[in-house]
Amino acid sequence: MKKISFLFVLLFIFSIIALINGKFDLSLNELFGAIFSDEKPASWIVMFEIRLPRVLGALLIGASLGVAGACYQNLFINPLVSPSILGVLSGASFGAALAMVLGFSVEVQMFFTFVFGFLAVLVALIIAFFGGANVIMLVLGGVISTSLFGSLLAILKYAADPNETLPAITYFLMGSLSFATKSVLLSVSVPMIFGILGLLLMSKFIDVLSMGEEEAKALGVNVAMIKICVIFLATLISALSVMLAGIIGWIGLIVPHIARFIFGASAKTMLFSSSLIGAVFLLICDIFSRSLFSYEVPIGIISSLFGIPIFIAVLLSRKNA
């Protein structure tokens with residue numbers, strides 16, 4: 001309980017830092033002054049129109065990818081899988097790039113991102129179904145789906161306008177919370193929260209599935225139904241994360257390892273702690289992305305730079321434990 005409380009404290013502290021930190025720095029007095037002000041000074045606009053959507057977006061995306069990664073790792077009984085295992089990130093990337101090449105609006109781009117994320121998972125599921133409907137075939141189907149949509153994305157990038165469309169695709173694929181505007185946030189926040197809560201409520205079934213399919217069936221669990229629900233909800237929040245901020249890697253892989261190392265392997269505590277750790281991790285990445293240079297560094301780059309050494313440290317810690 002103390003560890004969970006500490007995560008909430010960290011979440012609050014880094015949320016405040018993210019709100020006051022940036023090119024237009026705010027003091028704590030300006031922060032609270034803007035909150036309780038009857039007017040709308042410059043500090044109010046910076047905080048509520050620009051930074052608050054970024055902070056809320058970071059919380060949602062970090063929690064979503066953390067929970068999705070933890071669910072996939074428990075479901076497939078494999079600590080090396082992540083939300084990209086079924087091709088959802090690759091498919092969502094292709095959908096966004098296709099909408100950009102065709103010159104569609106941001107709303108249509110969001111729709112394409114969501115639809116093709118699910119389509120990539122559907123491809124993986126179809127391959128798994130005809131291959132025997134087991135976990136190994138599902139993972140292999142995800143690899144094939146990822147490669148397929150990755151190749152299609154490469155074709156789009158090759159055919160895109162090198163002066164306008166190609167830079168936009170490249171920047172989107174690197175990830176940025178600047179995409180998380182109020183309108184976009186309002187459109188995806190409810191289903192993302194629903195997906196996170198749904199997976200947390202299914203934690204006891206995920207715990208049973210992590211022991212193996214035969215053991216779960218012996219305990220009366222409807223394995224097929226639980227798998228479909230978990231994969232659907234994990235894919236939903238992963239695809240919506242891409243809609244909200246582009247591709248942000250490593251969170252779904254390293255956060256469950258950190259949660260497992262600190263809180264143990266129980267899915268109930270692991271999923272909940274993964275959501276908090278993922279949110280804190282992405283907040284820290286966002287602070288660095290806006291502070292390192294005079295320009296904003298894509299947050300996908302920062303998450304990768306932080307994720308690699310953290311993943312190595314976690315693996316070494318588990319080896320020495």
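Analyst: A salt bridge is taken here as a side-chain nitrogen of Lys or Arg within 4 Å of a carboxyl oxygen of Asp or Glu. The model is predicted, so local features need pLDDT of at least 70 and side-chain atom pairs count only at pLDDT 80 or more, while totals for chains, interfaces and linings use all residues. Residues are numbered from 1 along each chain as its sequence is written, and side-chain values use heavy atoms, with hydrogens and water left out.

A search of the whole structure finds 3 salt bridges. One of them joins the side chains of aspartate 286 and arginine 54, at 2.5 Å from N to O. This pair links distant parts of the chain, with aspartate 286 in helix 13 (residues 267-291) and arginine 54 in helix 3 (residues 42-75), 232 residues apart. Helices are DSSP runs of H or I with at least four residues, numbered from the N terminus.

Both partners are buried, a term that means under 20% relative accessible area, with exposed over 50% and partly exposed in between (1.4 Å probe, protein chains only). Aspartate 286 has a relative accessibility of 0%, so this residue counts as buried. Arginine 54 is at 7% and therefore also counts as buried.

Arginine 54 has a further partner, glutamate 296, and the closest N and O atoms of that salt bridge are 3.2 Å apart. Because arginine 54 lies in helix 3 and glutamate 296 in the loop between helix 13 and helix 14 (299-320), the pair ties together parts that are 242 residues apart in sequence. At 25% relative accessibility, glutamate 296 counts as partly exposed.

Aspartate 286 likewise has a further partner: its side chain meets that of arginine 290 in a salt bridge, at 3.2 Å from N to O. These two residues are 4 residues apart in helix 13, so about one helical turn separates them. Arginine 290 has 9% relative accessibility and counts as buried.

Side chains of opposite charge can pair when their charged atoms come close. Taken together, Arg54, Asp286, Arg290 and Glu296 are linked in a network of salt bridges.
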